Amino acid sequence: MLRQALGKIAQTLVVLFFVSVASFGLLKLAPGDPIQIMLGSEYSQESYEQLTAQLGLDQPFLAQYADWALRFVQGDWGTSYVARTDIYTYAFKEALPVTLTLASFSLAFAILIGVPLGVISAVKKDTAFDAGSAVLALTGTAFPSFLLGILLIWFFAVKLQLFPVMGYISPWQDFWGGIYHMILPGLTLSTYFIAMITRLTRATLIEVMEQPYIAAARARGEPSWRVIWVHGVRNIAMPLVTILGLQLGTLLQGTVLTETVFNLPGIGQMLTSAVLGREYMVVQAGVMMTATLFIGVNLLVDLSYPFLDPRLRARK
Amino acid sequence: MSLPSSDAAIPPLPRAKAPRGRRSMFLRRPFFTVALIVAAAYVLAATFAPHVAPFDPVKQDFMAMMQGPSLVHPLGTDSYGQDILSRVIYGARYALIIGIFSVLIGAAGGLVIGLAAGLSGGWLEWALMRLIDSILALPSLILAVAFIAILGQGVDKVVVAVGLSMIGPFARTVRADVMQVRVQLFIEAAQLMSIPYLRVVWRHVLPNVIFPLAVQVTIRVSEAILVSSSLSFLGIGVTPPTPDWGLMIAEGRDFVSFAPWMSAMPGFALALLLIALSIVGDGIREEFDPKLRRGA
């Protein structure tokens, strides 16, 4: 098992290496010569070469990459000219927490609503409830989240004036204020996941309920709720965690859109303004953070299987 | 998939099923049929946009700004006095063109990488797999944002950026299909007959990979449309005054408190198309995907 885990970690590191080379290449592919931009319109060949050497741009690609990677790991991500800050502070300390707060809030929402909906649909298979939640699930997975967000703003914030239209308060500073500002964005982002988790829970639980250990639990005379919620639901944990890990990318790209709808200062807004301002180093930071998060979470998912399913432990 | 003659393996499949199978498919799947009709209506509206649209989609009329739905403007007008119905109809053009072409780019790229990964072995295969993994480590929208950062904005740039961002999932499915095909008996037989390797790939592997890929293409058109309109919604995709749905939704966002139709109308047009396409995609996958068909 340890051997397998080490193999997984090695694979992950290679993927991370590829991603980092690609996002370093992003800077190289970006239009415009950085030296020319720095020097302005008038410069001598001598000063051009001097600055090139000073910035290490005359080095081979891999040497430049190694230099960049070393600085990146140390938190030296360059300076953003539009936001007028150090990119590490801007991206990692300011934007990322907003995105993570929104993402974890939506995920909690999705699990708390999606799993019970799926369980009830599975237990009441082929009833009106099941059909209704199937239609909702289909609509939920196909409905564009940014439209849903605008509709929610229109209905709950403008018409009913129940929630703030937009803005962000960190739940770490003002817990209830933060939650209050997160409800509409969280609902917007989690709709897709509620739908997906409902579908998945229903499909998996129907299969689980046909297993012999469920029949055995029933034969022992355990109450129906215990059979379903303890013996049944426990066994959907693994597929659920797998799918959630793989869908983390969808969650992150959903936050990009939701942040724009609700004016939350997260990675989404950072990336959009960076693209408009042609700040490739900020785009690079965003790409690296997203990819590292995705790769890291999926490594954790892979490593968590033996803890979720005792059968995987026993076999070794 | 284990048909005796691989040359004839894939093309006859749909044809052989067609006379009885196809008609019954529409009757068996009423939702699929309705969704297909809806999607066809979008294609027709997009094709004949100049004849269907009551107004010029980019003609500004400052006497008719932000009017609610009325008889003259059934879906209302936007903040420049442009007719929203006409813009929605022309928007279908952009959505479908961007969706279809970017999926084709993604499928072509995925086919090349997937074939290479599936056919090669040893360290090269391992490296290609990690390459696919690293493309898949970035969600398609964020990948598309990165490509847009390099390429710039515009319809053609959006097509390329969305297309490139979709290579990962296509490559993965192509590789999985290649892995299944290359251990088949007819491949071994062809190799024993000392047919040149590239010919075996061309005549025997490729046809068995293309059909599932075509199914994937139809399924993923809706994803491409969603990503491209998301880019426009973020304000970094198609540039104004192009009648693009994502752009229209974004423009209406600032006026949501007193002119909600500005975002809602193009939004519902997009949502309806996406729902219809996903039902059509599910139907096609369940009917034609060999993996699901075998299970059924």
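How much area do domain 1 of chain A and domain 2 of chain A bury between them? The figure is about 950 Å², and carbon and sulfur atoms account for 84% of it. Keep in mind as you look around that this is a predicted model.

Let's stay with those two domains for a moment. The domain assignment of chain A sets domain 1 at residues 15–75 and domain 2 at residues 93–311. Their C-alpha centres are 39 Å apart. Where the two domains of chain A touch, 12 residues of domain 1 are in contact with nine residues of domain 2.

Now turn to a pair of helices in chain A. Two packed helices are described by the angle between their axes and the distance between the axes. Helix 5 of chain A covers residues 87–123 and helix 10 of chain A covers residues 224–234; they pack at an angle of about 105 degrees, with 12 Å between their axes. Angles from 65 to 115 degrees count as roughly perpendicular, so helix 5 of chain A is roughly perpendicular to helix 10 of chain A. To find the contact on your screen, look for Pro116(A), Val119(A) and Val123(A) on the helix 5 side, which meet Ile228(A), Trp229(A) and Val233(A) in helix 10. The residues of this contact are six nonpolar ones, with no polar and no charged residues.

In an unreviewed entry, UniProt lists residues 12–30, 102–123, 135–158, 178–197, 236–262 and 282–308 of chain A under "transmembrane region". Take residues 135–158 of chain A: this span is 92% helix and 0% strand, and its end C-alpha atoms lie 28 Å apart. Residues 282–308 of chain A are 100% helix and 0% strand, with 38 Å between the end C-alpha atoms.

Chain B has its own annotations. UniProt, again in an unreviewed entry, places "domain: ABC transmembrane type-1" at residues 92–281 of chain B. That span of chain B is 83% helix and 0% strand, and its end C-alpha atoms lie 18 Å apart. For "transmembrane region", the unreviewed UniProt entry lists residues 30–53, 94–119, 131–152, 209–238 and 258–284 of chain B. Among them, residues 94–119 of chain B are 100% helix, with end C-alpha atoms 37 Å apart, while residues 258–284 of chain B are 89% helix, with end C-alpha atoms 42 Å apart.

Finally, how many residues of chain B are in contact with chain A? There are 43 in chain B, and they contact 43 residues of chain A. The area buried between the chains is about 3,700 Å², with 81% of it from carbon and sulfur atoms. On the chain B side, Ile142(B), Ile150(B) and Arg253(B) lose the most area to chain A, together 16% of what that side buries.

Conventions: Residues are numbered from 1 along each chain as its sequence is written. Chains are lettered from A and ligands numbered from 1 in the order in which they are written. This is a predicted model: local features need pLDDT of at least 70, side-chain atom pairs count only at pLDDT 80 or more; totals for chains, interfaces and linings use all residues. Side-chain values use heavy atoms; hydrogens and water are left out. Axes are lines fitted to C-alpha atoms, for helices over the stretch in contact, and angles run from 0 to 180 degrees between N-to-C directions. Helices (H or I, at least four residues) and strands (E, at least two) are DSSP runs, numbered from the N terminus. Angles under 35 degrees count as roughly parallel, over 145 as roughly antiparallel, 65 to 115 as roughly perpendicular and the rest as oblique. Contact means heavy atoms within 4.5 Å. Ala, Val, Leu, Ile, Met, Phe, Trp, Tyr, Cys and Pro count as nonpolar, Asp, Glu, Lys and Arg as charged, and the others, Gly among them, as polar. UniProt positions are given in the numbering used here, feature names are shortened, and annotations may be inferred rather than shown by experiment. Domain bounds come from an automatic or database domain assignment. Buried area is the accessible area (1.4 Å probe) that two parts lose on being put together, summed over both.
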